[in-house]
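Here are some exercises on helix packing and a pocket, each with a worked solution. Have your viewer ready and try each task before reading on.

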Amino acid sequence: MQPDSIYRAAHAAAGKYQQDVVQRLGQGHSAAAMAEWNQQRFWMWVLDRAIEHVEGKVFWHECGRRNFSRVNQRPELANAIRKLRKLQTRLQVDGLPTFRQKEDILNELARLANLLLE
């Protein structure tokens, strides 16, 4: 499998998001779309890339050879990935959590994400 770069892929994903927003709302929203991507969407996007890497689906150069397909070597990572997905869903679907709830969810997301990569 040919390694890919998260940085290049993130740049492309951000550009696509920006283009989608501009098509829907107009050129005046271009800078705001990029700011939203950087502030609100990037970390969840990169977390999905780390999961892909650990599951052995896509080799991301920045995640390292050692972490590639680790879920097959360490079964507890599958449980961490399930928990990560549930927390991501809570952030996206469960309306507007309180600030404390959101902080707790993000802290747990960070803790689990750190388990994925050595």
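The exercises below go through helix pairs and then a pocket.

This is a predicted model, in which local features need pLDDT of at least 70 and side-chain atom pairs count only at pLDDT 80 or more, while totals for chains, interfaces and linings use all residues. Residues are numbered from 1 along each chain as its sequence is written, and side-chain values use heavy atoms, with hydrogens and water left out.

**Exercise 1.** Find how helix 3 and helix 4 are oriented to each other.

*Step 1.* Helices are DSSP runs (H or I, at least four residues), numbered from the N terminus. Axes are lines fitted to C-alpha atoms over the stretch in contact, with angles from 0 to 180 degrees between N-to-C directions.

*Step 2.* The axes of helix 3 and helix 4 cross at roughly 150 degrees and come within 10 Å. Helix 3 is therefore roughly antiparallel to helix 4; angles under 35 degrees count as roughly parallel, over 145 as roughly antiparallel, 65 to 115 as roughly perpendicular and the rest as oblique.

*Step 3.* List the contact (heavy atoms within 4.5 Å): among its residues are Leu77, Leu84 and Leu91 of helix 3 and Ile105, Leu109 and Leu116 of helix 4. By class, this contact of helix 3 with helix 4 has 13 nonpolar, one polar and four charged residues. Here Ala, Val, Leu, Ile, Met, Phe, Trp, Tyr, Cys and Pro count as nonpolar, Asp, Glu, Lys and Arg as charged, and the others, Gly among them, as polar.

**Exercise 2.** Work out the orientation of helix 2 relative to helix 4.

*Step 1.* Helix 2 and helix 4 have axes 11 Å apart and pack at an angle of about 30 degrees. That makes helix 2 roughly parallel to helix 4.

*Step 2.* Helix 2 brings Gln40, Met44, Leu47, Ile51 and Val54 to the contact, and helix 4 brings Lys102, Leu106, Leu109, Ala113 and Leu116. These residues divide into eight nonpolar, one polar and one charged.

**Exercise 3.** Which helix gives the most to the lining of the largest pocket?

*Step 1.* Helix 1 (6-25), helix 2 (30-55), helix 3 (76-93) and helix 4 (99-116) each supply at least two lining residues.

*Step 2.* Helix 2 gives the most, with eleven residues.
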